[in-house]
Amino acid sequence: MVATNKITHDPYEDVLKQILAEVADLRQEIETHANRRLQKYQQHFHSGFFSKSAYNLAHYLAMRQFDLRHLQDRLAQAGLSSLGRAEASVLSTFDALIDVLSRAADKNYRPGEKNPNEYGLNRGQQLLEQHTTELFGAFHEHGKAHVMVTLGAEASWNYGLVNALLKKGMTCARINCAHDNSDIWQWMIRNIRRAEAETGRPCRILMDLAGHKIRTGAIALEPPIYHIKVKKDRTGKTVASGYLMLTVDSENSPTDNDLFRIPIPKELHKKLTAGMFLGFIDSQEKQRYLKVEKALSSTDWLVSCEKSAYLVSGCKLKLLKPDQLDSKKCADEFTLGKFDGEPLDIRVMKDELLLLTTEHIAGRPAEYSASGVLVRPAHIACTLSSAITKLKIGEPVWIDDGKLGTKVEKITDQGILLRITVAKPSGVKIHSDKGINFPETALDLPPLSEKDLMDLDFVCEHADLVGFSFVETLSDMECLMAELVKRNASELPIIAKIETNLAVKNLPDIILGTIGRHNLGIMIARGDLAVELGSARLAEIQEEILWLCEAAHVPVIWATQVLESIAKKGVRSRPEFTDAAMAVRAECVMLNKGPYILDAIEALVNVMIRMHEHQRKKFSRLRALQW
């Protein structure tokens, strides 16, 4: 009996052929959709030429129109490359996948001359790194991410702080034009440039335009009385005196000292020595004494009070030696300087009413009759009065980064009556100069305020990057680019701050209409976005923005509350370290100012070094684990 060779059919080959056909058809549809999308931007590109990054973003947006979950599962089951890492080079990823499938499914397949690897993932990553270097400069030794730090006014006079920031790892300094003025900004910049020269570490300067500043207005003040508090034990005995500072230089307040500072006349300052006393009558008609402890500087004296007292602004002071306390002899008399009272305490609870008024009316707490009936609800002003006229009944209004949620209940002659919908059980204390968000209200404001246009003159002369606050549309970008051209600063890169729901919706349009024409970076302003979108939606959106920008090869700044507990309080928070670990997928991570900012930079750089060994963007590198 003669044996015959029987050729068996491989069902796996049929599966691969089906996947190949599906992937090839999908690639064709993606190209068609992308070309159609790009046509609307031809008018913005006079040469009719789109950059490779623009093409890749269009391809990525086209790819994400399809639900690819089933295809992804089948690719994974076949042990093949996932499309989930295609952001940086979409068509090249498809071409590489088609090449592998063709080799496996057709033994007679002969690859073409083009090598997919030449145009693949590496090229997209190279473009992203190139654009990142153009914006933020060369990478430092702590990995492929830059550290941005928001500077406070202290950076204008404390050169040692600026020098230390650069040494710790700051590669970009952020100056917020919503605060301070051009004189202070100038000194900040001088200190940065000096520190660059002395440390040999380059540092780019980002200046953020303030945008339309919509914040809570001023709050009415209590009478100008300062309560000097002492600490007592259970028996009522004083165990710790109350302290404050007397100064002849009330304008320059040190940031590292939280003692209450009161101005005094120069004549009194010259006569003070340690151990002397200042007698005064407080608001409760009680005799009290301030003991002069020691000189803190050439302008400041530390004084203590061993009994609780209510010190009145502008009261009379008698300068006494220790042996004169019980004496009725005449003593030198001086007048204490003036100081403001504390803002009134405006605390509101859920379901209560809050009146939003124009900026000229100081905020006050609610007023009640003797029988407890509400006479007047608490009210607070809005610094942009025109915004109030645009509000409609039922629209939400959020205050102080979402701490207080409200809805418009009634429109009155006095202002907008808000019903509080979100607040802590203990209520929320309203402060002045806190942000107000109108997520569903069309405010119809111009892209740049009058202040922005004035500040832009300074920014174009001194900054390396300009931050565009509250950008929402491509036409907004066109406006800023035109203003830069007027100032001969058309090469100044723009950092578009994404902080509203509308900006998120228009982000593809903003990027596609800008890249190839102007150097661009994106800041994920997570604080405002959380208010606009809600925390759960923010978690999703920040991922989508990272994907979108990677596809466009546009650098991303991960901003708001990164290691905030360390920077502000010197306290390490485990959830914040997890957040910082996620942040390294961006090209730049921003820290906010705080008394412990140097510790925060050190912690962030440490996290970056560790995480970059494991991950590049969302690509797991699978470094060997050590257990």
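Let's start with a term: a residue is buried when its relative accessible area is under 20%, exposed when it is over 50%, and partly exposed in between, using a 1.4 Å probe and protein chains only. This is a predicted model, where local features need pLDDT of at least 70, side-chain atom pairs count only at pLDDT 80 or more, and totals for chains, interfaces and linings use all residues. Residues are numbered from 1 along each chain as its sequence is written, and side-chain values use heavy atoms, leaving out hydrogens and water.

**Exercise 1. Find Asp400 and decide: is Asp400 buried or exposed?**

Step 1. Look in the loop between strand E20 (396-399) and strand E21 (404-411). Helices (H or I, at least four residues) and strands (E, at least two) are DSSP runs, numbered from the N terminus.

Step 2. Apply the cut-off: Asp400 has a relative accessible area of 9%, so it is buried.

Step 3. Check the backbone: phi of Asp400 is near 60°, a positive value in a residue other than glycine.

**Exercise 2. Repeat this for Leu563: where is Leu563 placed?**

Step 1. Leu563 sits in the loop between strand E28 (556-559) and helix H16 (564-569).

Step 2. With a relative accessible area of 0%, Leu563 is buried.

Step 3. Leu563 is a residue other than glycine with a positive phi, near 50°.

**Exercise 3. Examine Arg27 and Glu31: what do their side chains form?**

Step 1. Recall that side chains of opposite charge can pair when their charged atoms come close. A salt bridge is a side-chain nitrogen of Lys or Arg within 4 Å of a carboxyl oxygen of Asp or Glu.

Step 2. Arg27 and Glu31 form a salt bridge, at 2.9 Å from N to O.

Step 3. Both belong to helix H1 (residues 11-38), and because they are four residues apart there, about one helical turn separates them.

Step 4. Arg27 is buried at 16% relative accessible area, whereas Glu31 is partly exposed at 27%.

**Exercise 4. Turn to Lys486: which residue is its salt-bridge partner at 3.3 Å?**

Step 1. The partner is Glu483, with the closest N and O atoms 3.3 Å apart.

Step 2. Lys486 is exposed, with 62% relative accessibility, while Glu483 is buried, with 12%.

Step 3. Now widen the view: salt bridges with shared partners connect Asp457, Glu483, Lys486 and Arg487 in one network.

**Exercise 5. Study Lys497 and Asp208: how many residues apart are they?**

Step 1. Their salt bridge has its closest N and O atoms 3.1 Å apart.

Step 2. Lys497 lies in strand E26 (residues 494-498) and Asp208 in strand E3 (residues 204-208), so the pair links distant parts of the chain, 289 residues apart.

Step 3. Both Lys497 and Asp208 are buried.

**Exercise 6. Describe the whole chain: how many helices and strands are there?**

Step 1. The protein chain has 18 helices and 31 strands.

Step 2. Its C-alpha trace spans about 135 × 60 × 60 Å along the principal axes.

Step 3. Of the 627 residues, 48% are buried.

Step 4. Contact means heavy atoms within 4.5 Å. Among contacts between residues at least 6 apart in sequence, 71% join residues at least 24 apart.

Step 5. To finish, the structure holds 26 salt bridges.
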